[in-house]
Amino acid sequence: MVTICNYISIRNLLQERTAMTTILHIASSSNLHNSVSREIGAATVERLKEADPDAKVITRDLVQHLVPHIDPAFVGAMFTNHDAPELALSRTLIAEVMASDILVIEAPMYNFNIPSVLKAWIDHVVRGGITVKYGAAGVEGQLKGKKAVLVLGRGGVYADGPMKAMDYQETYLRTVLGFVGITDIEVVIIEGVTMGPEKRAEALANARAKIAMITSRKAA
Ligand SMILES: Cc1cc2nc3c(=O)[nH]c(=O)nc-3n(C[C@H](O)[C@H](O)[C@H](O)COP(=O)(O)O)c2cc1C
């Protein structure tokens with residue numbers, strides 16, 4: 001159920017666009033049954049769709065439909081021929097990002113970082129001369145104006161305390177998105193989920209509250 005207040009604020013997140021909004025929904029948890037990032041990521045997309053039923057959703061499930069690691073043919077072509085057949089999937093993935101207004105990126109923490117399936121997707125999307133250009137003014141990301149919502153699952157707790165320095169998940173995603181020009185980033189963290197059922201339930205409740213908070217902050 002969307003309240004009027006939340007409806008207005010989600011519309012604000014969608015920036016009252018006149019053209020149809022496109023949401024790119026990326027899943028990367030290898031857990032298909034009770035993944036917290038999948039649960040909260042789906043809830044985020046659901047709320048955006050409730051607010052804008054005409055919004056188009058492109059789904060990339062990087063576990064159920066693997067994006068391969070880049071290989072020698074890919075690297076050979078990326079410096080010589082942007083139209084090479086070896087880069088066809090890269091062009092498709094980049095086109096999906098370019099067509100999108102909001103990226104909802106789900107990422108569980110695996111060994112302090114993002115899953116390798118998500119990293120493989122990033123290696124296809126972050127391309128010199130296409131999504132990032134190098135000019136007289138330095139590095140210029142080509143994906144400016146897009147928003148990202150990061151939905152981050154973690155077994156332990158990293159937001160504060162001694163583990164904070166070991167978080168290469170949020171820090172890396174912010175860095176690489178910023179590199180291609182995406183700096184309007186909201187983060188929904190679901191952490192401590194392997195520290196018992198109560199902690200997990202609390203983390204999920206906090207994440208749902210964060211989704212609501214994001215939308216009301218956008219309205220302010
Ligand atoms: C391969 C693997 C590595 C993991 N590494 C970490 C880690 O470094 N730190 C952590 O806090 N949790 C770690 N976890 C726990 C997950 O982050 C936690 O289960 C989280 O719920 C995953 O998100 P998901 O439920 O969306 O899959 C790991 C889990 C797996 C399967």
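Is Phe-112 buried, exposed or partly exposed? Phe-112 is partly exposed, because 15 other C-beta atoms lie within 10 Å, and a residue needs 20 or more to be buried. This comes from a predicted model.

Phe-112 sits in the loop between S3 and H5. Its phi is near 70°, a positive value in a residue other than glycine. Asn-111 lies in the loop between strand S3 (102–108) and helix H5 (116–125). Asn-111 also has a positive phi, about 50°, although it is not a glycine. Pro-115 belongs to the loop between S3 and H5 as well. The table sets out the surroundings of these residues.

| Residue | Other C-beta atoms within 10 Å | State |
|---|---|---|
| Asn-111 | 10 C-beta atoms | exposed |
| Phe-112 | 15 C-beta atoms | partly exposed |
| Pro-115 | 22 C-beta atoms | buried |

Pro-115 touches Ser-28, Ser-30, Ala-107, Pro-108 and Tyr-110, leaving aside residues up to four places away in sequence. Ser-30 is 85 residues from Pro-115 along the chain, yet their C-alpha atoms are separated by 8.5 Å.

**Strand S3**

Seven of the seven residues of S3 are buried, so the strand is largely enclosed by the rest of the structure. Both faces are covered.

S3 has strand partners. S1 and S3 pair in the parallel sense over four bridges. There, His-25 stands opposite Val-104 in S3. S3 also pairs with strand S6 (residues 147–153), again in the parallel sense, over seven bridges. Ala-107 has Leu-152 in S6 as its bridge partner.

**Helix H4**

Which residues of helix H4 are buried? In this helix (residues 88–98) they are Ser-90, Leu-93, Ile-94 and Val-97. Seen down the axis of H4, the buried residues fall within an arc of 100°, so they line one face of the helix. The spacing has a simple basis. An α-helix has 3.6 residues a turn, so residues three or four places apart point the same way. The face of H4 turned away from the buried side carries the exposed residues Ala-88, Thr-92 and Ala-95. The cover over the buried residues of H4 includes strand S1 (22–27), S3 and H5.

**The core**

The largest nonpolar core has 42 residues. Val-104, Ile-105, Leu-150 and Val-188 have the most contacts inside this core. Leu-150 touches Ile-105, Ala-107, Glu-170, Leu-173, Ile-185, Val-187 and Val-188, not counting residues up to four places away in sequence.

**The whole protein**

The protein has seven helices and seven strands. From the N terminus on, the elements run α-β-α-β-α-α-β-α-β-β-β-α-β-α. Of the 220 residues in the protein, 33% are buried. Among contacts with a separation of 6 or more, 79% join residues 24 or more positions apart.

How values were computed. Residues are numbered from 1 along each chain as its sequence is written. This is a predicted model: local features need pLDDT of at least 70, side-chain atom pairs count only at pLDDT 80 or more; totals for chains, interfaces and linings use all residues. Helices (H or I, at least four residues) and strands (E, at least two) are DSSP runs, numbered from the N terminus. A residue is buried if 20 or more other C-beta atoms lie within 10 Å of its own, exposed if 12 or fewer, and partly exposed in between; C-beta atoms are placed from the backbone. The arc is that of the directions from the helix axis to the C-beta atoms. Two residues are in contact if their C-beta atoms, placed from the backbone, lie within 7 Å. A nonpolar core is a set of buried Ala, Val, Leu, Ile, Met, Phe, Trp, Tyr and Cys residues joined through C-beta atoms within 7 Å. Two strands pair if DSSP finds at least two bridges between them.
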